[in-house]
Amino acid sequence: MSKALVDVLRKNYENLLERVEKACLRAGRSLEEVKILGASKGQSEEKIRVLYSLGLKLFGENYVQEAEKKIKNLADLDIDWHFIGRLQTNKAKKAVAFFSTIHSLDRLSLAEELEKRARSLNKRINVLIEVNIGHEPTKAGVFEENLEEFVKELKGFPNLNLIGLMCLPPLTDDERKTRFYFQKMRNLFERIKPLVGEGFTQLSMGTSSDFEIAIEEGATIIRIGTLLFGPRM
Ligand SMILES: *Cc1c(COP(=O)(O)O)cnc(C)c1O
């Protein structure tokens, strides 16, 4: 590992931890309630290794093919790999094999395929439902008005362990709008919780540009790419 790279990534990670800690303090939350996921798409294996050595153990990938290579080459590390990108149904088999958790469950046909693949691997896979909280046509995710029904449908999938909700809110410079969407997610989360029960604990929201607001509004997993790793390749 080059020392220059270690120094840069250490500084990034320490700065991030400090900001996360401050946001937790403001929100009256404990640091243990918020997990940092390193969003490593387009980032080198070397950088992942460095961040791992600094203490980061949770990483998220967006593309199955890119992830497969990285996960194999980094198999000596005890990384918890999550899938956070758009998942094509024909990639469900590999996704189930390589990841502990899928953040982007957004349709019944994908649930069916994940269930089938998980069953044949005798595995229970953690899933979060992606919510299209801004009703954006270009984005994936279930609309909030269809969420309850989708959650009920997932009851018939014993190999899918529904642990929470995920979102990517509309891009805006207006902090009030971002906060509004995160609050909506928190309210949805509280509304769905009794329908699912015990294991429904995760709210995956917040990226480099808005993670502090997300923490203040209840995020339990923040997904940080560029702020940790620097620009993507
Ligand atoms: C890339 C990505 C992130 C990280 O975004 P940054 O702005 O680099 O922090 C988070 N979530 C998802 C779903 C992503 O695709």
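**Ligand site and pockets**

View 1. A side-chain N or O atom of Asn62 lies 2.7 Å from an oxygen atom of the ligand (polar contact: N or O atoms within 3.5 Å). The model is predicted, with local features needing pLDDT of at least 70 and side-chain atom pairs pLDDT 80 or more, while totals for chains, interfaces and linings use all residues. Residues are numbered from 1 along each chain as its sequence is written, and side-chain values use heavy atoms, without hydrogens and water. Lys41 places a polar side-chain atom 2.8 Å from an oxygen atom of the ligand.

**View 2. The shell around the ligand.** Ala39, Lys41, Asn62, Ile84, Leu168, Thr207, Ser208, Arg223, Ile224, Gly225, Thr226 and Arg232 surround the ligand (a heavy atom within 4 Å). By class, the shell holds 4 nonpolar, 5 polar and 3 charged residues, with Gly counted as polar.

**View 3. The largest pocket.** The ligand takes up the space of the largest pocket (more than half of its atoms within 2 Å of the grid points). A pocket is an open set of points on a 1 Å grid over the protein atoms alone, where a 1.4 Å probe fits with protein on both sides within 12 Å along at least five of seven lines; lining residues have an atom within 4 Å of a point. The volume of the largest pocket is about 850 Å³, as filled by probe spheres set on the points. Its lining comprises 36 residues, and those nearest the centre are Leu168, Pro169, Leu171, Thr207 and Arg223. Two or more lining residues come from each of α7 (175–196), α8 (211–216) and β8 (221–224) (DSSP runs; helices at least four residues, strands at least two). The largest share, 4 residues, is that of α8. The lining divides into 12 nonpolar, 10 polar and 14 charged residues.

**View 4. The second largest pocket.** This pocket has a volume of about 210 Å³. It is lined by 13 residues, with Arg124, Leu154, Leu160, Leu162 and Val196 closest to the centre. Elements giving two or more residues to this lining are α6 (144–154) and β6 (160–167); β6 gives the most, with 3 residues. The lining of the second largest pocket has 9 nonpolar, 2 polar and 2 charged residues.

Terms used
A polar contact is a pair of N or O atoms within 3.5 Å; within protein, one must be able to donate a hydrogen and the other to accept it, and residues adjacent in sequence count only if both atoms are side-chain atoms.
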